[in-house]
Amino acid sequence: MATCSSLTITKFSLLARSTHVLNRVKLTSAYRNFPSIGTVNHTQTFQKRLISQTARFLQSFKHIQAQSNNNKMSNYTVVEKGTPNSTNYSIYLKNASGNIVSPLHDIPLYANDTKTVLNMVVEIPRWTNAKMEISTATPLNPIKQDVKKGKLRFVANCFPHKGYIWNYGAFPQTWENPGHIEPSTGCKGDNDPIDVLEIGYRVAKRGEVIQVKVLGTVALIDEGETDWKIITIDVHDPLAEKMNDIGDVDKFFPGLLRATVEWFKIYKIPDGKPENKFAFNGDAKCAAFANNIIEETNKFWQGLITKELDGGEISLTNTANSGTPGFTKSDEAEQILAAAPEGGEPEELSDTVDRWHFVHLK
């Protein structure tokens with residue numbers, strides 16, 4: 001109902017503005033010198049064109065304004081430690097006050113009071129394949145590259161895909177509890193913050209905190225654990241206002257849901273692992289279902305940060321949750337940052353990092 005009212009107000013506003021312009025035109029000598037313009041048909045046509053052009057202008061202006069707001073809302077900056085492409089490389093985050101924060105514990109999950117916009121921490125920009133992730137065991141949880149058999153891990157490129165096909169990251173202040181069996185999947189949580197796929201047009205930056213709206217979710221079953229993949233879109237994307245639920249993904253991004261399920265099914269096969277399985281036969285669940293899952297994982301995080309739930313090796317060091325066991329003052333957090341490894345020998349990247357693997361599902 002609110003949406004309909006909003007649309008009506010917008011239409012009236014455009015009509016009023018075009019009428020004002022038309023009245024001004026009538027006062028000009030040009031209008032008086034060409035009587036044909038004054039006919040009813042020409043007046044109506046002229047007014048329709050004004051409404052159309054005004055609407056296009058306002059839409060463009062709104063997008064530009066949104067982009068400006070997006071820059072203003074980027075209240076977090078990255079601090080890089082160590083040499084890129086080395087095991088020492090890590091990315092820490094600072095807030096607008098210049099204080100070190102944990103991307104797992106200190107960034108609010110929700111970006112507005114109505115809980116319709118959420119903060120997402122970008123770990124892996126689209127079209128890249130370095131397996132970067134929030135390091136849950138490291139104090140202040142910097143973003144680091146996963147290491148496999150002593151080597152930096154890169155996800156295999158499975159034809160026709162190149163790297164990750166969305167901006168990939170996580171929601172802060174969430175935790176997929178390994179002590180909880182999810183009734184809808186029959187599997188326990190994977191002991192990580194919940195994963196997020198952002199499908200908008202812009203390639204995000206590593207360590208960036210962006211605001212997204214939830215569209216739905218798929219449930220990957222990864223080695224017997226529930227690994228939710230929440231599908232979202234940046235709220236400042238030009239299509240964001242038109243997208244509100246999972247059905248809108250197929251409408252505006254035809255083929256992406258199917259490609260998403262395929263990507264997760266096959267991406268570990270080149271490493272000698274079996275095809276991944278999905279709950280619900282790979283079908284995506286709606287936004288309401290996804291939001292319930294997010295709320296549940298936020299409650300698990302609340303139990304984690306207060307030590308009511310056992311997080312094992314997860315570091316609880318934080319600078320924003322006073323009264324919790326892991327709360328750390330800003331000067332102590334700076335000491336943790338200063339002690340983070342510098343330098344490091346960069347790995348020579350093999351040509352196989354960009355290799356295409358041709359994988360066929362049985």
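These questions and answers go through the terms used for this predicted model.

Author: The model is predicted, so local features need pLDDT of at least 70, side-chain atom pairs count only at pLDDT 80 or more, and totals for chains, interfaces and linings use all residues. Residues are numbered from 1 along each chain as its sequence is written, and side-chain values use heavy atoms, with hydrogens and water left out.

Reader: Why is Lys268 called buried?
Author: Buried means under 20% relative accessible area, exposed means over 50%, and partly exposed lies in between (1.4 Å probe, protein chains only). Lys268 has a relative accessible area of 9%, so Lys268 is buried. Lys268 sits in the loop between H5 and strand E16 (277-278). Helices (H or I, at least four residues) and strands (E, at least two) are DSSP runs, numbered from the N terminus.

Reader: What does Lys268 touch?
Author: Contact means heavy atoms within 4.5 Å. Not counting residues up to four places away in sequence, Lys268 touches Arg153, Asp222, Glu223, Lys273 and Asn276.

Reader: Is Asp222 buried or exposed, and how do you know?
Author: Asp222 has 12% relative accessibility, so Asp222 counts as buried. Asp222 belongs to strand E14. Beyond four places in sequence, Asp222 touches Asp227, Tyr267, Lys268 and Asn276. Asp222 and Phe278 are 56 residues apart in sequence, yet their C-alpha atoms are 8.3 Å apart in space.

Reader: What makes Glu223 count as exposed?
Author: Glu223 has 60% relative accessibility, so Glu223 counts as exposed. Glu223 lies in the loop between E14 and E15.

Reader: What is the phi of Glu223?
Author: Glu223 has a positive phi of about 50° although it is not a glycine. Most residues other than glycine have a negative phi, and most peptide bonds are trans. Leu140 also has a positive phi, of about 70°, and is not a glycine. Leu140 is found in the loop between E5 and strand E6 (143-145). With 1% relative accessibility, Leu140 counts as buried.

Reader: How do you know that the bond from Phe159 to Pro160 is cis?
Author: The omega of this peptide bond is near 5°, and the bond is cis. Pro160 is in the loop between strand E9 (157-158) and E10.

Reader: Why is Asn99 called partly exposed?
Author: Asn99 has 30% relative accessibility, so Asn99 counts as partly exposed. Asn99 is in the loop between E2 and strand E3 (100-101). Leaving aside neighbours within four places in sequence, Asn99 is in contact with Leu93, Lys94 and Ser330.

Reader: Which residues of H6 are buried?
Author: Among them are Ala287, Ala290, Ile293, Ile294, Thr297 and Trp301. The cover over the buried residues of H6 includes strand E4 (118-124), strand E11 (181-182), strand E14 (209-222) and E15.

Reader: What makes a space a cavity or a pocket?
Author: On a 1 Å grid over the protein atoms alone, a cavity is a set of points where a 1.4 Å probe fits but cannot get out; a pocket is an open set with protein on both sides within 12 Å along at least five of seven lines; lining residues have an atom within 4 Å of a point. Grid points are joined across faces, edges and corners, and a volume is the space filled by probe spheres set on the points. By this rule there are 2 cavities of 30 Å³ or more. The largest cavity has a volume of about 80 Å³. Of its 13 lining residues, the closest to its centre are Glu176, His180, Glu182, Gly189 and Trp228. H6 gives the most to this lining, with 4 residues.

Reader: What is the volume of the second largest pocket?
Author: The second largest pocket has a volume of about 590 Å³. Of the 27 residues that line this pocket, the closest to its centre are Lys131, Glu133, Arg153, Asp192 and Asp222.
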